[in-house]
Amino acid sequence: MPTETFEFQVEARQLLRMMIHSIYSNKDVFLRELVSNASDALDKLRLAALRDDTLDVDVSDPHITIEPDQSARTLTVRDNGIGMSRDEVVELIGTIANSGTAAFLRELKEADDPTAAEGLIGQFGVGFYASFMVADEVTLLTRRAGESQGTRWTSDGEGTYTIETVDEAPQGTSITLRLKPEDAEDRLHDYSAPWKIKEIVKRYSDFITWPIRLVTEAPAGQDGSGATDAEAGTGTDADPGEDGTAPREPEVINSMKALWARSRDEVTDDEYHELYKHISHDWNDPLETIRLQAEGTFEYQALLFIPAQAPRDLFQQGYKRGIQLYVKRVFIMDDCEALMPDYLRFVKGVVDAQDLSLNVSREILQQDRQIQLMHRRLAKKVLATVKDMMSGAPETYETFWSQFGRVMKEGLLSDLENRETLLAVSSFATTHTTGGESKPTGLRAYVERMKEGQEHIFYLTGESRQAIENSPHMEAFRAKGIEVLLLTDPVDEIWVDMAPEFDGKAFRSIAKGEVDLGTEEERKEAESEREQRRTEYAGLLDWMTERLDEHVKEVRLSSRLTVSPACVVSDTHDVTPALEQIYRSMGQAVPRGKRILELNPSHPLVTTLNQAHGDREDHSTLDDTAELLYNLALLAEGGELTDPSRFVKLMADRLERTV
């Protein structure tokens, strides 16, 4: 096929422009990204060969080669891995398929701090494009394992790229960079210098399980850094060529030691962090590193990482988990769902088992008893780490919960075995303040602050903190100084009904059932007054219950209101309107339940309405007032009116009479 020229997507073009104009302070990471991609390609080839005996591929010597040419100012990174087809090159290299692209670019432009810019890039994952930080032109040559023809892709990053089909191409992928001139002021090093390549590989990619071979040519008697053989402690038996250079044997420049198999005192934090970045394609250090070694009848080692920042696609369908499964240090799969519960899907890392089959499938993993035991223990280990973080490193915990609290609460629905632990490590917004400042609270701290005689953990759900704090349901609790948890995540609507209690204290919505606050003695003293009020308002309550029968099951007096005239509540075991809406959005048919309208007998509007009801024989003149009172109560809690236009008309008519 002839050479074809294409234009980058608008988003890809913008990203390339940022790369070319060097948004990074540390440009060395381009090589880490290319080596990481090459390592992934070798992993995929080994896996494909294990699963398909008929695949015509060469797996005799999997490796990564780095070949600099100082005279031509080029650098080539080559692997003999799985390779790519022409269609894959167009899809993976020519475009950026990510729903968050536009938002990412907007945030990137607004991030003046270079460190913040690197963090944003890290969330996005654009390893291949990092090449344009150091290269004026990038050429990719690739042939997919099992195919006969290869593909060459070339671009200078200025808006277009070319693709052509080639007949002669080795299996795997090679990426050749035509390097920019060295610029110390811009921290653009000489990336054709062998010593610099070794330094970068040692820092970022030493643990890669495949050999990374450096191929150089140097003047006879010297190595690539300019040192003599005697100085370098090495020698060469090759004779110099006509141009005075001697080919050097490829040199393996990484140790290939699996970090998870080494003892803790042999590995530095920096080495752990680089492994995390290799696995996750994140450019930030992890928030926490977790080691686990299981011995006995079933042996495995795990090295897990909690990211410092939630990925953008964490709640999107198809989000890939980050746990890599190895068997005796042989890579098996890179997103093993069976190893970690869904609510811990943000955890990255490696699990290396000793007794699994190399040809294990995802279907077998789901049923494997040993995998299920690993799943349980890994989840418990992560939760124990979060618990230790909560008590021993509160600032780190605050960062963790701000990033992953919402997804952690999904576990309260699905993980019955660890529900009590999950509740213990959860934090919630609260009305409690310390020094005038309100911070999220753990349930243990809430229980310790409970007032004498308080039997429940009180909460209120809503769309935002502001909406909850302004809700009329809060009035009596605010007046008596009783702490209320403010739950604003959609998942909160569901788990509070499924988690009955914590530390022997039941959860109780302040927007459900009747509220009796205070001590037993105070409640007894107030009972006679309430009974008198019920008798006084009985006629109005019966009439309004009948008048609003289409909307409510009962109208009654409230013990939770101190300022507002009315509020709408649900029965203790009824489904809330917000939960009804969640179920409907999931395609479940949920009948609309009737709720309860509570009136504040101390409010002037309610006392006047009660007096008017007693004085008039024709109560139909009060119909509009009853309807308005109900609609106002709905609006006060952030609810939706069934007929907004009628409400507006009634309000306009009422206002007209008062002017």
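Let's start with the second largest pocket: 43 residues line it, and Pro577, Ala578, Glu637, Gly639 and Glu640 are the ones nearest its centre. Bear in mind that this is a predicted model.

What is the lining made of, in terms of nonpolar, polar and charged residues? It splits into 15 nonpolar, 15 polar and 13 charged residues. Several elements each supply at least two lining residues, as the table shows.

| Element | Residues |
|---|---|
| Strand S19 | 456-461 |
| Helix H15 | 465-469 |
| Helix H17 | 492-498 |
| Helix H19 | 577-585 |
| Helix H21 | 623-636 |

Which element gives the most to this lining? That's H19, with seven residues.

Now for a sheet. Five strands line up in the order S12-S13-S16-S14-S15, making an open sheet with mixed pairing. At its edges sit strand S12 (288-294) and strand S15 (330-333), each pairing on one side only. On average, neighbouring strands here are turned by 20 degrees against each other, direction ignored.

Strands in a sheet pair through backbone hydrogen bonds, and they can do that parallel or antiparallel. Strand S13 (residues 300-306) and strand S16 (residues 348-353) go the antiparallel way, joined by six bridges. Glutamine 301 has aspartate 352 of S16 standing opposite.

And what lies across the sheet strands S12, S13, S14 and S16? Helix H8 (residues 269-280) does, running at about 85 degrees to S13. The S14 strand in that set covers 322-327.

Conventions. Residues are numbered from 1 along each chain as its sequence is written. This is a predicted model: local features need pLDDT of at least 70, side-chain atom pairs count only at pLDDT 80 or more; totals for chains, interfaces and linings use all residues. Side-chain values use heavy atoms; hydrogens and water are left out. On a 1 Å grid over the protein atoms alone, a cavity is a set of points where a 1.4 Å probe fits but cannot get out, and a pocket is an open set with protein on both sides within 12 Å along at least five of seven lines; lining residues have an atom within 4 Å of a point. Helices (H or I, at least four residues) and strands (E, at least two) are DSSP runs, numbered from the N terminus. Ala, Val, Leu, Ile, Met, Phe, Trp, Tyr, Cys and Pro count as nonpolar, Asp, Glu, Lys and Arg as charged, and the others, Gly among them, as polar. Two strands pair if DSSP finds at least two bridges between them. Axes are lines fitted to C-alpha atoms, for helices over the stretch in contact, and angles run from 0 to 180 degrees between N-to-C directions. Contact means heavy atoms within 4.5 Å.
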